[in-house]
Amino acid sequence: MKLLVNAVLKYTVGLVLVCLLMFLPAGTLSFFNGWLLVVLLFLPMLVLGIFLFCKKPKLLEKRLKSKEKKQAQKSVVAVSGILFIFGFIAAGLDFRFGISKIPAWAIAVASVILLISYVAYAEVMRENEYLSRVIEVQNGQKVIDSGLYSVVRHPMYAATVCLFLSIPIVLGSFISLIFFLPYPVLIVIRIINEEKLLEKDLEGYAEYKKKVKFRLLPFIW
């Protein structure tokens with residue numbers, strides 16, 4: 001029951017907060033792209049949350065954790081949160097004053113990318129039962145090297161980068177995109193810091209790094 005209450009509370013707060021950040025600056029509820037994002041972002045999240053609660057409650061509990069222990073990671077999370085807040089506000093203001101003109105085909109492509117990113121995210125969760133939101137090495141944790149983990153070492157981060165960069169395009173706002181663009185840089189900082197911990201504390205991770213060369217993007221990094 002505690003897990004259910006926590007999950008519902010965080011989901012509701014996230015939904016309400018995103019709506020307030022978009023529709024208040026927009027000055028109207030007739031912001032089609034805002035509603036499109038709400039459906040694309042929160043409906044799959046709801047489905048995934050229900051599945052995890054029913055089938056993998058321990059993994060859901062890990063995904064709900066948000067308190068980082070290391071200062072570097074706390075800073076990354078804080079900066080990410082600030083950028084997202086300004087990004088959603090910018091999208092609402094952009095719509096209100098009619099600044100950006102993103103074609104419908106680009107919005108459609110971004111919507112598909114967002115959904116594909118969610119599918120990849122769900123697949124990573126299926127493969128890795130140790131997937132926590134905070135950087136830590138858990139008791140009995142093993143290196144996962146199958147599926148998407150055989151392509152890049154951090155497929156979850158790859159999926160979230162694609163997902164978050166598609167958000168401002170779905171919202172039809174180039175202004176919003178400016179605030180979301182630094183996110184990949186923050187992810188790179190997080191990965192570098194995380195791999196130091198994993199190589200130090202997770203048995204077999206050094207060998208895994210030799211086997212899978214790329215961290216985030218195949219053939220690039």
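This is a predicted model: local features need pLDDT of at least 70, side-chain atom pairs count only at pLDDT 80 or more; totals for chains, interfaces and linings use all residues.

Trainee: OK, at what angle do helix 5 and helix 6 cross?
Mentor: Roughly 155 degrees, with the axes coming within 8 Å. Helix 5 covers residues 104-127 and helix 6 covers residues 155-170.

Trainee: So what does that make them, roughly parallel or roughly antiparallel?
Mentor: Roughly antiparallel, because angles over 145 degrees count that way.

Trainee: And is the crossing left-handed or right-handed?
Mentor: Helix 5 passes helix 6 in a left-handed crossing.

Trainee: Which residues meet there?
Mentor: From helix 5, they include A106, A110, L114, S117 and Y121. Helix 6 brings, among them, P155, A159, L163, S166 and I167.

Trainee: How do the residues of that contact divide into nonpolar, polar and charged?
Mentor: There are 17 nonpolar and four polar ones, and no charged ones.

Trainee: Switching to the core. Which residues touch the most other members of the largest nonpolar core?
Mentor: M22, L37, F88, L114, I167 and L171, out of 55 residues in that core. Helix 6 gives the largest share of the core, with nine residues.

Trainee: Is S173 buried or exposed?
Mentor: Buried: its relative accessible area is 0%, and the cut-off is under 20%. Setting aside residues up to four places away in sequence, S173 touches A90, A91, D94, S100, I102 and P168.

Trainee: How many residues apart in sequence are S173 and A90?
Mentor: They're 83 residues apart, yet their C-alpha atoms are 7.9 Å apart in space.

Trainee: What about S176, buried or exposed?
Mentor: S176 counts as buried, at 0% relative accessibility. S176 sits in helix 7, residues 174-180. Beyond its neighbours within four places in sequence, S176 is in contact with G87, A90, A91 and P168.

Trainee: Last one: what is phi of F219?
Mentor: Near 70 degrees, a positive value in a residue that isn't glycine. Most residues other than glycine have a negative phi.

Trainee: Where does F219 lie?
Mentor: In the segment after helix 9 (205-211). F219 counts as exposed, because its relative accessibility is 74%.

Technical notes. Residues are numbered from 1 along each chain as its sequence is written. Side-chain values use heavy atoms; hydrogens and water are left out. Axes are lines fitted to C-alpha atoms, for helices over the stretch in contact, and angles run from 0 to 180 degrees between N-to-C directions. Helices (H or I, at least four residues) and strands (E, at least two) are DSSP runs, numbered from the N terminus. Angles under 35 degrees count as roughly parallel, over 145 as roughly antiparallel, 65 to 115 as roughly perpendicular and the rest as oblique. A crossing is left-handed if the near helix is turned anticlockwise from the far one by less than a right angle, and right-handed if clockwise. Contact means heavy atoms within 4.5 Å. Ala, Val, Leu, Ile, Met, Phe, Trp, Tyr, Cys and Pro count as nonpolar, Asp, Glu, Lys and Arg as charged, and the others, Gly among them, as polar. Buried means under 20% relative accessible area, exposed over 50%, partly exposed in between (1.4 Å probe, protein chains only). A nonpolar core is a set of buried Ala, Val, Leu, Ile, Met, Phe, Trp, Tyr and Cys residues joined through side-chain atoms within 4.5 Å.
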